[in-house]
Amino acid sequence: MSTSVNLAKSGPEVSSDAYLSVRDLQVHFPTSDGVVKAVNNLTFDLAAGKTLGVVGESGSGKSVSSMAIMGLHWGTGAEISGEIVLEGTDLLQLGPDEMRRKRGQDVAMIFQDPLSAMHPYYTVGNQIVEAYRVHNDVSKAAAKKRAIEMLERVGIPNPDRRINDYPHQFSGGMRQRAMIAMGLINNPGLLIADEPTTALDVTVQAQILDLLQDLQREFNSAIIIITHDLGVVAEMADDVLVMYGGRAVEYGPCKEILTHPEMPYTWGLLSSVPDVTGDTDARLVPIPGNPPSLLNPPTGCPFHPRCPHRDKVPGDLCRTTLPDLEPGQRGGYHTKRCHLANPDTIYQTEILPEIAPDLAEER
């Protein structure tokens, strides 16, 4: 696996094979009530042709960080620092016009709700044509031909006719396909998909995920997929980034994170998901409490007010000291932000038998 995390606190080197490298990213929003610390010291790499799944509860910083990569915080008063290096260019050093040229051409985004993301007064075709002509000096006829080709590529039937329809005339799944066509029409190297299967039925969800994987293989795009659905992560992701309270709390290969998680927050996410292939009597174990306020975050580990395992850490460290991202017990580039000395052992002996007894017995 070519993706890696650099844990240096200052001046980290960018991985030579990374298409996207994010280093110590911070996004803070000053308000009349104080500073909202939406994203703090976020670091990760993503190689071309690979998929990073970003998971966490609402308010964990997933969408804010992706919008920072897209340069969509201009004019909001956000205080942004760190590095976002895309194919050798630090996007945070670009001006609005330069970033506008990058957006859509080198990095594109599929938004959560395509009905609100697309303009209701313009046809789907006009919006895709505009997205293409902004970055390509071609005629309207040539751009329309390209738009029809992309609509056909994403599985929309009769694209030469449907190109003249308005967004409200498309079903939810068709609108999402049209958004994917718009995002990929300029062959960007990085595609960010923010909850791309929200509000879609399960069969359409599967079709959208298959489509993204097919297009990734065709264009060798790097993909960041933001989701609450761990099933989507298991299906799509090469690596997983777990965020909580504006911070990365666990990072590593997808299979490793899902089978040997080492952060109690990740345990909570996995415990909240039913296993349809396992013991039907196994109970779900929801995470107690609520996510922290980003205006007044807790001291120490951001998860400690909700963590049922904080009593296993001596010296009140969980409440007083923010843990660093450190290598996990099993090595590799799996990292976790936790003071527990033996989290993998705790998960295998205490958590797994409760949420998946059959799987625990097999081990």
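A crossing of two helices is called right-handed if the near helix is turned clockwise from the far one by less than a right angle, and left-handed if it is turned anticlockwise. In this predicted model, the crossing of H4 and H5 is right-handed.

**The helix pair**

Helix H4 covers residues 124-133 and helix H5 covers residues 140-153. Their axes lie 9 Å apart, and the two helices pack at an angle of about 115 degrees. H4 is therefore roughly perpendicular to H5, because angles of 65 to 115 degrees count as such.

| Helix | Residue range | Residues in the contact |
|---|---|---|
| H4 | residues 124-133 | Ile-128, Val-129, Tyr-132, Arg-133 |
| H5 | residues 140-153 | Lys-140, Ala-143, Lys-144, Arg-146, Ala-147, Leu-151 |

By residue class, the contact of H4 with H5 holds 6 nonpolar and 4 charged residues, and no polar ones.

**The whole chain**

Along the principal axes, the C-alpha atoms of the protein chain fill a box of roughly 70 × 45 × 40 Å. The radius of gyration of the protein chain is 21 Å, which agrees with a compact globule, because a globule of 363 residues would have a value near 21 Å.

Of the 363 residues in the protein chain, 51% count as buried. Among contacts with a separation of 6 or more in the protein chain, 63% come from residues 24 or more positions apart.

Technical notes
Residues numbered from 1 in each chain as written. Predicted model: local features only at pLDDT ≥ 70, side-chain atom pairs only at ≥ 80, totals over all residues. Heavy atoms only, no water. Axes fitted to C-alpha atoms, helices over the stretch in contact; angles between N-to-C directions. Helix = DSSP H or I, 4+ residues; strand = E, 2+ residues; numbered from the N terminus. Parallel < 35°, antiparallel > 145°, perpendicular 65-115°, else oblique. Contact = heavy atoms within 4.5 Å. Nonpolar A, V, L, I, M, F, W, Y, C, P; charged D, E, K, R; others polar. Rg over C-alpha atoms; globule rule 2.2 N^0.38 Å. Buried < 20%, exposed > 50% of the residue type's maximum accessible area, 1.4 Å probe, protein only.
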